[in-house]
Amino acid sequence: MIKFAGVLLALLLSTPSLAQSVDVSGPDAQAMDIAAADLLRDRQYELDTDATNQSAPFGANLFNGGFSNDREDGLNPDYVLQPGDRVSVRIWGATAFNESLVVDPQGNIFIPTVGPVALAGVRNQDLNKRVEQSVASVYTNNVNVYTSLDGSQPVAVFVTGYVASPGRFAGIPSNSVLHFLDRAGGIDADRGSYRRIQVLRDGVALANVDLYRFLLDGHVPGIQFKDGDTIVVGARGSSVQASGDINNAAAFELLDEQLSGKELIAMAHLLPGVSFAGVSGIRANRPYSVYLPIDEFKKTQLKNGDVVSFRTDQHDQVIVVDVEGSHLGPSQFVVPVNTHLHDLLDYIEVDSELTDVSAVSIKRQTIAMRQKEALNESLQRLEARYLTASSQTDTESAIRAQEAELISQFVKNAREIEPSGRLVVSQGGEIANILLKSGDTITIPSRSDSVLLSGEVVVAQAILFKPGRKAREYIRRSGGFSQQAKTDRIVLVHANGEVTSEKNPMVSAGDEIIVLPKVPVKNLQIASTIVDILYKIAVAASVAVRL
């Protein structure tokens, strides 16, 4: 087993471009890496805080579902018949009758030879039984009855209060309160209440509706509307804002002046592992702030204006680190959270004849994400600059049309590139003892006696390494530059992840020579942007995207 030693080099990608590997040496390398993580965590907290301050009310998206487009027909079993409804009656046997009858203002239908049958107030599910009873009172034997409710009398319902468009809206008695609210444009998300909705009939409260019961449990109050009923949406009441590690980040309205933490948890739907809740607000006219374990928070009484942030603060005690390349033994290690690179390398067995122990590097997920973000930002700038470039002549316009297709394909290909997120930790045979993070991949390269060529060369291949040779000599031995090659800048990726970009850099064993393509675009500003993107891709992913 070979022990890796030395403390010299750590890399931090801290510039906006994130394009080049930046070496940071000295005893502060580890502290800088930790500081960068703290900075990212602080920035995420700021983003979470901004989102909290702008929370929409719970249920704000409720009326995006098209409740006004429902096709209810009033045929549900509990529907209560009323004047104006249409009923089909079929009688056969001792007498024959087949007609569609309308329930008259007195609540009856009239069947010849039978007389009036009272149906007002009868439930739909009891309709056939009621008609059978009336027919049987006249025809005691050999008679059969079949009835069905064909349609209900339309109603017009007033909707007012804090809705987007108050008014009078048509429907049928069995339409839900959601139907009429949707017809009125939904509840005013800034001022209206989702919990204080009244249905009035002749000025008297018929029902109180709390839409949270529908949002959380799917319960819709069963109300059979009559012509002239009124739905009144009250003003939005007190509320508590919830954010953080939850499924429902929103401002939750209170029915009373207080809400328990347990009730808020039930509405907010916590993500697995949430262990703490931070509460800030006003108590006794003074600022109030606490950070509580989740069990203690459940007993807390929340008040109007409180802001609650849920957090998963059960920090992992172990992390998972992968190992790839030339090594013996397992490819994955579960180590304590405070493990440094040297601590793990001491337990990785390698063959000294086959392994280049001086060129260890680390692939880190957060760095790959930042490289990807930087690449996407550059591509967006490229598209913006091209779209704003003007054409002065017809000839220039034709050229721009050709360039548009070229740039569009280039952007599409570039967006598919996945950066490696490589962190340079070795230089001159010494390795920085940085703190490992969960998801890190330690790369231990094999010893190599060759140099790899890729990009705009005539033959992309590996060539035997010869000490003292520079990049152009290897390119010449590989057939030279292609016609599309950009010959004034050669990218050299070393085995340890470092990158050199010169006209003719000195090559070491295991290096990769990348020749970038020329940019066939007339606009100098756009051309320089593309060159910058090509270089970022070469550094981040060790590939050259062809234009």
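Figure 1. Of the 547 residues in the protein chain, 43% are buried. This is a predicted model, so please read every view below as a computed picture. The chain carries 11 helices and 31 strands. Its accessible surface comes to about 27,900 Å², and carbon and sulfur atoms account for 49% of that area. Counting contacts between residues at least 6 apart in sequence, 65% join residues at least 24 apart.

Figure 2. Glu324 belongs to strand S20 (residues 318-325) and Lys363 to strand S22 (residues 361-363), so the pair ties together parts that are 39 residues apart in sequence. Both ends are worth a look for their accessibility. Glu324 is partly exposed, at 29% relative accessible area. Lys363 is also partly exposed, with a value of 24%.

**Figure 3. The salt bridge of Lys486 and Asp488.** Here the closest N and O atoms of Asp488 and Lys486 are 3.3 Å apart. Asp488 counts as partly exposed, at 47% relative accessibility.

Figure 4. The side chains of Lys536 and Asp532 meet in a salt bridge, N to O at 3.3 Å. Both residues lie in helix H11 (residues 524-541), and they sit four residues apart, which is about one turn of the helix. Lys536 is buried, with a relative accessible area of 6%. Asp532, on the other hand, is partly exposed at 31%.

**Figure 5. An open sheet of five strands.** Follow the strands across the sheet in the order S9-S8-S12-S10-S11; their pairing is mixed. Which strands stand at the edges? They are S9 (167-171) and S11 (204-209), each with a single partner strand, so one side of each is left without a neighbour in the sheet. From one strand to the next, the twist averages 30°. As a reminder for this view and the next two, strands of a sheet pair through backbone hydrogen bonds, either parallel or antiparallel.

**Figure 6. Strands S8 and S9, side by side.** Zooming in on one end of that sheet, strand S8 (residues 155-161) is joined to S9 by five bridges. The two strands run antiparallel.

Figure 7. How many bridges join strand S5 to strand S6? There are four, and S5 (residues 108-111) and S6 (residues 115-118) run antiparallel.

Methods. Residues numbered from 1 in each chain as written. Predicted model: local features only at pLDDT ≥ 70, side-chain atom pairs only at ≥ 80, totals over all residues. Heavy atoms only, no water. Buried < 20%, exposed > 50% of the residue type's maximum accessible area, 1.4 Å probe, protein only. Contact = heavy atoms within 4.5 Å. Areas by Shrake-Rupley, 256 points an atom, 1.4 Å probe, with all protein chains shown as cover. Salt bridge = Lys/Arg side-chain N within 4 Å of Asp/Glu carboxyl O. Pairing = 2+ DSSP bridges. Axes fitted to C-alpha atoms, helices over the stretch in contact; angles between N-to-C directions.
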